[in-house]
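Please look at the sequence and the 3D structure shown here.

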Amino acid sequence: MKRKQGKQTEQHRKRNSNKPSGASEGLHAKNEIVTVDMIGLTHDGDGVGRTEQGFTLFIPHALPGERVQAKVLKSKKQYGYGKLLSHHSTSEQRIEPACPIYAQCGGCQLQHFDYEAQLKWKRQHVIDSLTRIGKLKVAGETGAASVPRENSMTGTDKNELSDMSGEDMESTNAGVQHDVIVHPTIGMNDPWRYRNKAAVPIGLAADDGELVGGFYAKGSHRIIDMDNCMIQKDLNDEVIAIVKQIAKELRIQPYDEESASGVLRHVMTRIGVVTGEIMIVLITNTEKLPRQAEWIEQLRKRVPNVKSIVHNINPRVTNAIFGDRTEVLWGSEVIYDELDGLRFAISARSFYQVNPEQTVTLYRKAVEYAALTGTEQVIDAYCGIGSISLFLARQAGHVYGVEIVPEAIEDAKRNAKLNGLDNTTFEAGPAEVVIPRWKQEGMNADVIVVDPPRKGCDQALLETILAIRPERVVYVSCNPSTLARDLRVLEGGGYRTVEVTPVDMFPHTGHVESVAWLVRE
Ligand SMILES: C[S@@+](CC[C@H](N)C(=O)[O-])C[C@H]1O[C@@H](n2cnc3c(N)ncnc32)[C@H](O)[C@@H]1O
């Protein structure tokens, strides 16, 4: 990769030799209008194209195969960013986005792309990561990828890989030659209105200073006011609209990010899709929620199914939604939901998958890959509220879950009891600390399941998995790049990746979830 970048830099230097210095860092000047042939999509869903002069431009909402006119917004040495102005030719996979505010909102990235094409692209994204980063050979693939290497490994991929250290990247050099099966992405029959959770930033409208709440516009912190999101459950939209209305009536000051002043920063709502229960979390910059009693009265009156009203305090100047302190203002500290006949208590700070229908598909696939017979000792690392753990516990000897958020572990214990699954043990702490200690204490496991956050598994955890030597590892991942990186480590330690199944948990967004099945050689 380095060699290719060097070559491109040299070409640009030659081409730029006649340009006035300081006009632009890259080949094209800012605001220049260029014709671009689109050749791929980045891992964020932005189009990747080449200008007639061979310069790489990333252009949101442009699709592979299209010829477009674009305005250069930023021009770096080796690549730039552009804005789509018009089409010379369009892709057959281009469709009219269903959402009226799609062009401004940063919430979805792929609504202009036919859903079947999204599913294929997500599978290809997984394959590209497995082959390039994991050095794995995918059945039916020649090793060529959807986007030529020098393009896909520039802008966005660099961001995706930013969690990896140089050392991790070095470790990706060796390769293996068995074939990994990557199945088609399992999509939704109706890929709309799937989210059970909304977390909406609240702020001031730029024009009239009114309270607004919605989504950040792509690439900025400008809030687009919105009452109808096509990937949200209707009920979430309704509750958010009610909360905004109450905030206005009670004259609650919206948070102003620039001055870090004001009161209401975010509203989070979560619904139990099976139970109909609703949790509302008000996140403030201030210690107290002004007019608390009226808030409770109004929310109870206008949201009949509300079961939990929670206040979280976040006075920090940060992009993180939640602060450290959470108190229940009214009702229960949890709401309940059901997945595949299992009942789950979910508290405000606990992770719970946002697409319940696809979650069942994903977890069933993870259980299938675990291939349990009723006797196995299973470790579920990064277990959240124990959701995968309990799916596994129905078919295992014993399941040990570990999770860093203490509230989630309290939920997991409660959930095990609730479902009468006493063959479970849960511990709060970092997986990379707790599991090595379990190993030292003599624990063994037949199967280890991991479901880490985007940054993937900690190296110490991967080493411990290799030391425990379970027969099977099931890796649930929301980031194909770190999945591929970690599979390389496990392959290097004597595991073989047999299959990977992408599951579309987040239709119309660039997010790709997948589950991998590894066996000990
Ligand atoms: C993608 S979620 C998966 C949760 C759960 N398996 C599920 O499906 O609901 C990742 C979880 O890892 C937890 N986590 C993050 N870093 C961790 C660490 N170092 N050790 C243990 N858990 C961690 C997060 O709090 C989160 O609950």
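What follows covers a sheet, the helices on it, the surroundings of a ligand and a pair of helices. The model is predicted.

Begin with the sheet. Strands of a sheet pair through backbone hydrogen bonds, in either a parallel or an antiparallel way. Here nine strands make up an open sheet with mixed pairing, and their order is β6-β7-β22-β23-β21-β20-β17-β18-β19. At the edges are β6 (137-138) and β19 (424-428), each of which pairs on one side only. Within β21, Val474 is the residue opposite Val449.

Next come two helices. Helix α10 (residues 406-418) packs on the sheet and touches β18 (398-403) and β19, with its direction at about 170° to that of β19. Helix α11 (residues 431-440) lies across β17 (377-381), β18 and β19, and runs at about 145° to β18.

Now turn to the ligand. It is surrounded by 20 residues, of which Phe351, Tyr382, Gly384, Ile404 and Asp451 are the closest. Two or more residues of this shell come from each of α9 (387-393), β18 and α11. The shell consists of 14 nonpolar, three polar and three charged residues.

Last is a pair of helices. Two packed helices are described by the angle and the distance between their axes. For α2 (residues 115-132) and α13 (residues 480-492), the axes come within 8 Å and cross at roughly 35°; the crossing is right-handed. His125, Val126, Ser129 and Leu130 of α2 meet Pro480, Ser481, Leu483 and Ala484 of α13. This contact has five nonpolar, three polar and no charged residues.

Definitions and conventions: Residues numbered from 1 in each chain as written. Predicted model: local features only at pLDDT ≥ 70, side-chain atom pairs only at ≥ 80, totals over all residues. Pairing = 2+ DSSP bridges. Helix = DSSP H or I, 4+ residues; strand = E, 2+ residues; numbered from the N terminus. Contact = placed C-beta atoms within 7 Å. Axes fitted to C-alpha atoms, helices over the stretch in contact; angles between N-to-C directions. Near = placed C-beta within 6 Å. Nonpolar A, V, L, I, M, F, W, Y, C, P; charged D, E, K, R; others polar. Left-handed = near helix turned anticlockwise from the far one by under 90°.
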